[in-house]
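Hi everyone, thanks for coming.

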Amino acid sequence: MNIKDIIFKASAMLVVVGALLPLFLFEEWVPYIFAVGAAGMSVIRLITPYRGKNTRMRRLVLIELLATLMLIFASYLMFKGGNDWIVLLTISAFLQLYTSIAIPRARETEE
């Protein structure tokens, strides 16, 4: 396991914790946890692009990147207040779930 994987997994845990804490706490520091996690996930996804020639894999990696960038916008909405960030978080979660299933299948067919 390399440093990128560790940072990505820690960032994903921060996003989960930052998304669950508003259910229990109404503190002003809670959105910072979510924002740091979203930023960490986005940076890791930005610095590890797909360099292959498979167009399906390129599309799936771009969908993954879009989903993590949606997390950054969700953190902005979280800072603004209200519950609009939940919609973006849900869409992002579904996109990431889809790509987490589709990318391994695309890699199998690529090999």
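This is a predicted model: local features need pLDDT of at least 70, side-chain atom pairs count only at pLDDT 80 or more; totals for chains, interfaces and linings use all residues.

Okay, the salt bridge. Side chains of opposite charge can pair when their charged atoms come close. Here the count is one salt bridge, and the partners are Arg 45 and Glu 64, with 3.5 Å from N to O. Arg 45 sits in helix H2, residues 30–47, while Glu 64 sits in helix H3, residues 55–80, so the pair ties together parts that are 19 residues apart in sequence. And are these two buried or exposed? Arg 45 and Glu 64 are both buried.

Now, the two helices themselves. How do H2 and H3 cross? Their axes come within 9 Å and cross at roughly 160°, which means H2 runs roughly antiparallel to H3. The crossing of H2 and H3 is left-handed. On the H2 side, the contact includes Tyr 32, Phe 34 and Met 41, and on the H3 side it includes Leu 65, Ile 72 and Phe 79. By class, the contact of H2 with H3 has 15 nonpolar, three polar and two charged residues.

Last stop: Thr 99, over in helix H4, residues 85–110. Thr 99 is buried, with a relative accessible area of 1%. So what does Thr 99 touch, leaving aside its neighbours within four places in sequence? Thr 99 is in contact with Leu 60, Ile 63, Glu 64 and Pro 104. There's Glu 64 again, the partner of Arg 45 in the salt bridge.

Technical notes:
Residues are numbered from 1 along each chain as its sequence is written. Side-chain values use heavy atoms; hydrogens and water are left out. A salt bridge is a side-chain nitrogen of Lys or Arg within 4 Å of a carboxyl oxygen of Asp or Glu. Helices (H or I, at least four residues) and strands (E, at least two) are DSSP runs, numbered from the N terminus. Buried means under 20% relative accessible area, exposed over 50%, partly exposed in between (1.4 Å probe, protein chains only). Axes are lines fitted to C-alpha atoms, for helices over the stretch in contact, and angles run from 0 to 180 degrees between N-to-C directions. Angles under 35 degrees count as roughly parallel, over 145 as roughly antiparallel, 65 to 115 as roughly perpendicular and the rest as oblique. A crossing is left-handed if the near helix is turned anticlockwise from the far one by less than a right angle, and right-handed if clockwise. Contact means heavy atoms within 4.5 Å. Ala, Val, Leu, Ile, Met, Phe, Trp, Tyr, Cys and Pro count as nonpolar, Asp, Glu, Lys and Arg as charged, and the others, Gly among them, as polar.
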